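User: I would like to go through this model and ask, for each label, what stands behind it. Please set the values against the definitions as we go.

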Amino acid sequence: GDTGQVYLAEAMTDQFITDLAQIRALRVIGRTSVQRYRGTTKTAQEIGHELHVDGVLTASLQRAGGILRVAVQVSASSTGEALWARTYDAELANVLQLESDVSRAVAGEIRIQLTPHERRRLATPRPAVDPAVYAAYVRGRYFWNKRTPSDFERAIGFFTQALDLDPTYAPAYSGLADTYVQMGYASLAAPASLFPKAREAAVRALALDTTLAEPHAALGYYDFYYLWDWKAAEREFRRALDLNPSNATAHEWFGLFLTAMGRFAEASAEERRATELDPLSAAIAGTRGWVFHYSGQADSAATQLRAALALDSANPVVHLYLGRVYQAAGLYDSATALYEGTGRLRAWVPTVAAMGTVYGLTGRRADALRVLQQLEQRSRHEYVTAYGVALVYSALGDQDRAFHWLERALTERSHWLVWLVRDTRWQALRGDPRFRELVHQVGLPD
């Protein structure tokens, strides 16, 4: 019943995953999948079977004032037998050292082969952290993981609070970078007001701690979606995965980048790896379906996205993705039904624009024009990506206005432009020299 302990437990779970995932010989399941087992009555055997792992680490946390007690156990999935168990006591200020001690002990007990670098990293003493700084940081991560506009704002507030207390606390800068890139992707404000903030925060995080993988992934995201520097993006994604081979999100994002580059076999391998690392994540399953769609594998895309909905039937992004797949196949009624089932994303500009394109393609001109009017009204008080407006004009057959808005998207550096070549909704414009010039200006491979 203590929300403070809930935040702390989530943060420690994330840190255990991060520490162990940096050991290349291990495959460590990601947080989205493991969090489903919090408070479960399932046995280690059942969990191990569902996640296809050899062992399960469980831990319980008790906190009394500034003292933590963490009981840890590793069980074999094949038999359910406890292989190792230990209880640790530490002051909250030494929570990072406690996490490192547990990770080192687990690696030793399961007799995993560590590289010299991994051995040194696990043996390096962790600095003490001000409990107030850590408390603000873990609350920031808690709200960041909820991934809604209001929660992003709350996350920024907590990360900023941590940095006000300690401007040298690298994880808080990393949290800010992750938040700003996700806000940029969600088009919650103009790209120029979000993506550069993400880069600044990621660079500051790495200046303070070169061992962090997440800021490299955020920089890869920035280079890919905003700077359109493909070489830099690939370098950052690969560096993130060098530092943390089990980072499912980095594999997911790298797969998206490779898809935009037309490197479909490599992209599929990255998404498959992300799925292995976080098998119960509907978001990652949805991204894998999206990669199939942009790779021209319509049947596989539909099958994968339906599987993602089986993991989370209410996931709004997966509804949107599957709607796009049905729209590309000409199944407009099915696409519309899925767009209308996007829940909290029903009013999201990409969803509204998707509905507008269906209206235009199916002859519902008045409805499409109503969408354009709605987007114009919204643009007076919030950011509306020009890419979405261009799509509706294209569906109405007004190519000149579509190109006018695509040029505006180029000026505002809309991150959606990285999908110009893959987005099937531009089919009517592809033969126009203006479209080829846009592709050239973004720098995309044909």
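User: What makes helix 1 stand out in the lining of the second largest pocket?

Analyst: Helix 1 gives the most to that lining, with nine residues, where a helix is a DSSP run of H or I with at least four residues and a strand a run of E with at least two, numbered from the N terminus. Helix 3 (44–51), strand 1 and strand 2 also give two or more residues each. A pocket here is an open set of points on a 1 Å grid over the protein atoms alone, where a 1.4 Å probe fits, with protein on both sides within 12 Å along at least five of seven lines, and lining residues have an atom within 4 Å of a point. The model is predicted, so local features need pLDDT of at least 70 and side-chain atom pairs count only at pLDDT 80 or more, while totals for chains, interfaces and linings use all residues. Residues are numbered from 1 along each chain as its sequence is written, and side-chain values use heavy atoms, with hydrogens and water left out.

User: Which residues lie nearest the centre of the second largest pocket, and how does its lining divide?

Analyst: Of the 40 lining residues, Val-34, Val-56, Leu-57, Thr-58 and Ala-59 lie nearest the centre. The lining divides into 25 nonpolar, ten polar and five charged residues, counting Ala, Val, Leu, Ile, Met, Phe, Trp, Tyr, Cys and Pro as nonpolar, Asp, Glu, Lys and Arg as charged, and the others, Gly among them, as polar.

User: Why do strand 1 and strand 3 count as edges of the sheet?

Analyst: The three strands form an open, antiparallel sheet in the order 1-2-3, and strand 1 (55–64) and strand 3 (82–91) each have a single partner strand, so one side of each is left without a neighbour in the sheet. Two strands pair if DSSP finds at least two bridges between them; strand 2 (residues 67–76) and strand 3 are joined by nine bridges, and therefore meet that criterion. Among the bridge partners in strand 3 are Asp-89 for Arg-69 and Arg-86 for Val-72.

User: Why is Ser-187 called buried, while Arg-147 is called partly exposed?

Analyst: Buried means under 20% relative accessible area, exposed over 50%, and partly exposed in between, with a 1.4 Å probe and protein chains only. Ser-187 has a relative accessible area of 10% and is therefore buried, whereas Arg-147, at 31%, counts as partly exposed.
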